[in-house]
Each structure stands twice: as structure tokens, then as C-alpha cells.
Amino acid sequence: MAHHVYVVATIKSWNIKIYHEVIKHFPGEWHLITDPKDLTAQSIKALGPEYIFFPHWSNIVPAEILKLSRCVCFHETDLPYGRGGSPVQNLIVNGHRETVITAFQMTKELDAGPIYLKQPLSLEGLAEEIFIRASAVVAEMIRQITKKNLKPKKQTGKTVVLKRRTPKQSEVPVELENLNQMFDHLRMLDAEGYPRAYIERGSFRYEISRPALKAEEIVAEIRITKVNRRQK
């Protein structure tokens with residue numbers, strides 16, 4: 001019986017959790033990498049995986065590693081629509097309530113590789129809730145790719161590139177007109193590792209988290225810090 005080896009490389013807690021709870025119990029030998037320093041050509045050669053899955057990985061994967069194994073990335077847009085950074089935030093800003101997760105083979109060109117499969121994903125809730133929900137979808141996609149040995153197909157359709165958001169864009173826009181718009185801005189930034197929505201007044205910054213939309217108000221947690229003008 002063939003011996004199959006797989007690697008999951010991710011930096012986010014929700015993906016690490018789903019790896020331990022679900023993915024590592026799939027057939028085959030599984031390995032987890034959570035530190036970019038551990039993703040080296042030497043380590044991959046030693047493991048010899050058929051696939052390396054990247055549910056959430058912010059670092060550039062060296063070209064040498066792309067040649068050593070089939071590297072599969074997961075992107076929260078219907079590629080080729082939405083190539084680029086901050087997909088969930090950009091979709092919410094543009095009024096989307098639903099999307100798909102695209103599993104595609106990584107190439108030297110960002111988000112341009114052939115596609116294995118796509119699965120639907122709701123964009124309702126706080127950003128971290130969306131990512132937790134996405135981690136379960138990704139786990140099922142990994143199961144399908146490894147079980148069915150899916151063959152990727154070239155991307156088709158119009159390419160639309162989204163620009164990665166900057167921390168400055170987390171500031172609450174003054175042009176927001178209603179509670180729904182405000183809630184969307186607050187919720188799309190409420191996740192581990194993301195710059196929270198904020199307002200600055202005088203010498204203080206008010207960071208907003210855990211928003212809850214009510215009928216006539218938004219209830220949220222506020223963290224107040226002194227602004228260091230030198231750092232700005």
C-alpha cells in the first residue's frame with residue numbers, strides 16, 4: 001500500500017486547531033508547520049510530501065519549494081476575481097455577503113495558479129468567525145483533494161485584483177452613513193492578527209472590538225491607548 005505524506009503550513013490559531021481536531025486524522029502521514037523559518041527546502045526534501053497545503057500563510061513561498069511538492073493555497077474569493085490581499089475585508093467593503101474559497105496550485109505569479117476546487121463561504125459575522133468557519137471548509141477541501149487526487153484546471157474569466165489593505169484603512173471612515181455600514185467596518189477587522197477598527201481624538205486612540213449590531217445601536221468593547229506621535 002502506497003505511503004502518502006502531506007504537510008499543512010499555517011500561522012493562524014483556527015487553522016492549527018482544525019489541523020489537530022480533523023486534518024491529521026485523515027489517511028496518510030501528516031505534518032504541521034507553523035513557523036515560516038521551518039519551511040525550508042531541506043525540511044521539505046526530508047519529508048517528501050505529495051502536497052503542502054497553505055490555509056493561511058503570509059510569507060512568500062520560495063520557488064524551490066514550489067518545485068519540490070504540489071503547493072496548494074486557499075483564497076477567499078472566486079478566482080480569478082479577487083486576486084491579491086485582504087480578500088475578506090475587500091469583499092465586505094464591496095458589499096458581498098457570500099463568497100467561495102478557491103483551492104489552487106501555487107505558482108510564481110500571485111493567486112494565478114490552476115484551480116482544484118471551490119466551496120461556498122458565508123461572509124456574515126465577525127472576521128474571526130468567518131475565518132473559523134473557513135477553516136472547516138478548508139479541511140473538507142483538503143480531504144477531497146487528497147482522497148480524489150483532483151487535477152487542477154486553468155483559471156478562466158476576467159481577472160480582478162484587490163489591493164491589500166493598510167493599517168491606516170482601519171480608521172473608521174467619516175463618510176459612513178448608517179449602523180450597517182459601521183458594523184461592517186468594525187466586524188471585518190475583528191480577528192486575531194488584524195488591526196482593529198479605531199478612532200483617534202486628540203492624544204488617544206479608541207480601538208473597537210467585539211461589535212454587536214442591535215436594532216438602534218452597536219454595542220462593542222473599546223480599548224483606549226495614548227497615541228505616540230513619534231511612531232506615527
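Figure 1. Buried here means under 20% relative accessible area, with exposed over 50% and partly exposed in between, for a 1.4 Å probe and protein chains only. Helices (H or I, at least four residues) and strands (E, at least two) are DSSP runs, numbered from the N terminus. Residues are numbered from 1 along each chain as its sequence is written, and side-chain values use heavy atoms, with hydrogens and water left out. Because the model is predicted, local features need pLDDT of at least 70 and side-chain atom pairs count only at pLDDT 80 or more, while totals for chains, interfaces and linings use all residues.

**Figure 2. Surroundings of Phe74.** Not counting residues up to four places away in sequence, Phe74 is in contact (heavy atoms within 4.5 Å) with Phe53, Phe54, Pro55, Ile101, Thr102, Ala103, Phe104, Val138, Met141 and Ile142.

Figure 3. Six strands, in the order 2-1-3-4-6-7, form an open sheet with mixed pairing, where two strands pair if DSSP finds at least two bridges between them. Strand 2 (29-33) and strand 7 stand at the edges with a single partner strand each, so one side of each is left without a neighbour in the sheet. From one strand to the next the twist averages 20°; axes are lines fitted to C-alpha atoms, for helices over the stretch in contact, and angles run from 0 to 180 degrees between N-to-C directions. Strands 6 and 7 run antiparallel and are joined by seven bridges, with Thr99 opposite Leu121 in strand 7. Helix 1 packs on the sheet, touching strand 1, strand 2 and strand 3, and its direction makes about 160° with that of strand 2. Helix 5 also packs on the sheet, and its direction makes about 150° with that of strand 7.

**Figure 4. Strand 4 beside strand 3.** Strand 4 is mostly covered, five of its six residues being buried. Four bridges join this strand to strand 3, and the two run parallel; Phe54 stands opposite Cys73 in strand 4.

Figure 5. A search of the whole structure finds one cavity of 30 Å³ or more, and the largest cavity has a volume of about 70 Å³. On a 1 Å grid over the protein atoms alone, a cavity is a set of points where a 1.4 Å probe fits but cannot get out, and lining residues have an atom within 4 Å of a point; grid points are joined across faces, edges and corners, and a volume is the space filled by probe spheres set on the points. Among the lining residues are Trp14, His56, Phe74, Ile101 and Phe131, and helix 5 gives the most to the lining, with four residues.

**Figure 6. The loop residue Gly113.** Gly113 lies in the loop between strand 6 and strand 7 and is buried, with a relative accessible area of 0%. Gly113 touches Phe104, Gln105, Thr107 and Gln155, not counting residues up to four places away in sequence. Gly113 and Val72 are 41 residues apart in sequence and 9.2 Å apart in space, C-alpha to C-alpha.

Definitions and conventions:
On a 1 Å grid over the protein atoms alone, a cavity is a set of points where a 1.4 Å probe fits but cannot get out, and a pocket is an open set with protein on both sides within 12 Å along at least five of seven lines; lining residues have an atom within 4 Å of a point.
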